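Dear colleague,

Please find the structure below, with notes on what was found in it. The notes follow the model itself.

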Amino acid sequence: MKMNLALTLIFTFSGLLGCKVSYDKNITPAGNEYPGVYLNAKVCLEGAGTFPMSTALKNNNTLPFVTPYTLANPWLHYSIEDIALSPATYASPWVDWVLVEIYKIEFGSYLKVDGQSALLHEDGSLNSSTATQSLYFANLVPGNYYINIKHRNHLAIGTQNAVSLSIQNYSEIDPLVFDVDFTDPQTVLTGNASSSGGIQCLAAGDVNNDNLIDSSDLAAINSQVNAIFTAAPDGTTLNGYFAGDVNLDNSITVNTSLSTIDHGIISANDGLTTLVHPNAP
Ligand SMILES: [Ca+2]
Ligand SMILES: [Ca+2]
């Protein structure tokens, strides 16, 4: 969201002699039209396949109009940028919501300084909740930051090194030039552990969001079906926005032998863990 942030603060205080003194202070940084920075980034979700990624959730109108990343565990996320999507915004080919977290080093430790939900386009670009490519972080100044991408049923991914964010004016953004290309295995901390064909993706299958893909994620799919249809027989399928839908095709199916497509993706990634800065809890 681009905003005119040439803010003016008016300070008023009482002087020692009791007279009131007022003055204006323009807080726009000298030489910069806008405070804050833009992030233009590219991301791949393994479960959604290769580019263009699957938009089945949006196509079936089960993609939520508001971010699924909230103040509740495990996301603990809130941002004023996370507004409900308009019908016009919803019409674009979105894959899913992702969560962007930005850290900086302060006194030797990683400090989370901002975060924002983003819409993942089928071409991999991150877009704001008003459907503009790139994300605007009003409270950040140009500098070097570590950036992590989280997803509700994929393992998080993060930059190996601090990256420079400097663009302060939306008109300067080249949609084809990414500040961070998370699909480049050289960019991310996980190296090529979950890359396919040279494309780095967030690894699919962390259904229960514990930063590990294992058998508990397999069991979670059947549990989600059985939570709605008790003792559902094998083959019972639910359509909708479920954490167990790791291939993002809008469906999960109960299967006691754990052999559906969603189960298979989890099994293939068994043992993978999140590796980001700072270390995942
Ligand atoms: Ca897990
Ligand atoms: Ca599925």
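Which residue in β7 does L119 stand opposite? L119 stands opposite N127.

This is a predicted model, in which local features need pLDDT of at least 70 and side-chain atom pairs count only at pLDDT 80 or more, while totals for chains, interfaces and linings use all residues. Residues are numbered from 1 along each chain as its sequence is written, and chains are lettered from A and ligands numbered from 1 in the order in which they are written.

Strands and hairpins

The protein has 4 helices and 16 strands, taken as DSSP runs numbered from the N terminus (helices H or I, at least four residues; strands E, at least two). β6 and β7 run antiparallel, joined by 2 bridges; strands count as paired if DSSP finds at least two bridges between them. These two strands form a hairpin with 4 residues between them, and G124 in the turn has a positive phi of about 100 degrees. β5 and β6 also pair in the antiparallel sense, over 12 bridges, with E101 opposite G115 in β6. Their hairpin has 2 residues between the strands, and F107 in the turn has a positive phi of about 55 degrees.

Q133 lies in the loop between β7 (126-127) and β8. Its C-alpha atom is separated by 9.1 Å from that of L119, 14 residues apart along the chain. Leaving aside neighbours within four places in sequence, Q133 is in contact (C-beta atoms, placed from the backbone, within 7 Å) with N40, S125, N127 and P175. Q133 counts as partly exposed because it has 18 C-beta neighbours inside 10 Å; the cut-offs are 20 or more for buried, 12 or fewer for exposed, and partly exposed in between, with C-beta atoms placed from the backbone.

Leaving aside neighbours within four places in sequence, the contacts of L120 include V43, L45, W94 and V98.

Helix α3

In α3, the buried residues are D217, L218, A220, I221, N222 and V225. They pack against β15 (237-239), β16 (251-253) and α4 (261-268).

Regards

Key: Contact = placed C-beta atoms within 7 Å.
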